[in-house]
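Reader: I am new to reading protein models, and I would like to learn how to do it step by step. Could you take me through one?

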Amino acid sequence: MVMTHRSWLYGCALLLGCWCTAGNAQPLRSGGTLWPPFSYEDAHGNARGIAVDIASQVAMQNDLQLQFLFYPTRRLNLLLDNGSLDLNYADSPLWNGPQADQRFVYSQPYLTVREYLYFRTDHPARLQPLEQLNGLRIGTVRGYSYPLLDQAMASGRLKEVETSDDAVLLDLLLRERVDAIAMVDDVFVNLLAARQIAPTGFTRSAQLSEAPLVIKLQLRHAERLPAVNATLRRMMESGEVQRIRRAYLGNAADVADGR
């Protein structure tokens, strides 16, 4: 999945504690989108999510302050490109153009996100290979790009139905307004769990993408990268990253992992 990410018309700022030993140090402006379970705002106005918690641990272990800011996709990318934000804590090199290497540095991956087509289990095309799908309505989130679907969409073999976010996308599938939807596995199972919908009612079909999730920093912060990477490695080796993921997904993590 080549993301320009989400397009919610929403923005808020949250300051996660003052961990920096230099009392007057400015917090790093950390941009992201509303993308549960990876990043979102809870009912009390706190930044939450798998990626948020991982970034918070990295900050705490390196005596940094992070200010979490949520933006619509295009606004987020603009602020990163013009240098107004210091980092994006849930990005991927695959979601950036080739010239991004001139402006940003990437941490080592801390998770892998995979995107699939999801059908209802009673749909006759649910087991067909991607190249054989024809005349179907595919639900997508506006602002995303799907290279494996581009040719089929352009030729009219598949019809794209765009919507505002993943929750609305699931509603379209439940109401049979689309034949299938494109969604990241952890996002899909998290939505089902939140609504107490059994995953047995759906079939995971063709895989559309696989992307490493990283922390993307402005080039001016490149000197921080070795420490960030060292912390991420420790968290992965100790199982902390997966513990955080499972704290949000619970048993749904097994469903996403195909267990």
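Author: Gladly! Let us start with a term: a polar contact is a pair of N or O atoms within 3.5 Å; within protein, one must be able to donate a hydrogen and the other to accept it, and residues adjacent in sequence count only if both atoms are side-chain atoms. Here, the side chain of glutamate 160 makes such a polar contact with the side chain of threonine 140, at 2.8 Å. Before going on, note that this is a predicted model, in which local features need pLDDT of at least 70 and side-chain atom pairs count only at pLDDT 80 or more, while totals for chains, interfaces and linings use all residues. Residues are numbered from 1 along each chain as its sequence is written, and side-chain values use heavy atoms, with hydrogens and water left out.

Reader: Where is glutamate 160 found?

Author: Helices (H or I, at least four residues) and strands (E, at least two) are DSSP runs, numbered from the N terminus. Glutamate 160 belongs to strand β12, residues 158-163. The chain as a whole has 8 helices and 14 strands.

Reader: And which residues does glutamate 160 touch?

Author: Contact means heavy atoms within 4.5 Å. Not counting residues up to four places away in sequence, glutamate 160 touches Ile138, Thr140, Tyr146 and Met153.

Reader: Can you show me what a buried residue looks like?

Author: Take serine 30, in strand β3. Serine 30 has 0% relative accessibility, so serine 30 counts as buried. Leaving aside neighbours within four places in sequence, its contacts are Leu66, Gln67, Phe68, Leu69, Leu87 and Tyr89.

Reader: How should I read a whole helix, for instance α5? How many of its residues are buried?

Author: Count its residues against the cut-off we have just used. In α5, 8 of the 11 residues are buried, so the helix is mostly covered. Among them are Val187, Phe188, Val189, Leu191 and Leu192. The cover over the buried residues of α5 includes β9 (111-120), α4 (166-174), β13 (180-184), β14, α7 (240-249) and α8 (252-256).

Reader: What follows α5?

Author: Next comes glutamine 196, whose phi is positive, near 55°. Glutamine 196 lies in the loop between α5 (185-195) and β14 (202-218), and it counts as exposed because its relative accessibility is 76%. Aspartate 63 also has a phi near 55°, a positive value in a residue other than glycine. That residue, aspartate 63, is in the loop between α1 (50-61) and β6 (66-70).

Reader: Which peptide bond is cis?

Author: Look at the bond from proline 36 to proline 37, which is cis with omega near 10°. Proline 37 lies in the loop between β3 (28-32) and β4 (40-41).

Reader: Finally, how do I judge the chain as a whole?

Author: One way is the radius of gyration, taken over C-alpha atoms; the globule rule is 2.2 Å times the number of residues to the power 0.38. For 259 residues, a compact globule would have a value near 18 Å, and the chain, at 19 Å, agrees with this. Along its principal axes, the C-alpha trace spans about 60 × 40 × 30 Å. Another way is to look at contacts between residues at least 6 apart in sequence: 76% of these join residues at least 24 apart.

Note on methods. Buried < 20%, exposed > 50% of the residue type's maximum accessible area, 1.4 Å probe, protein only.
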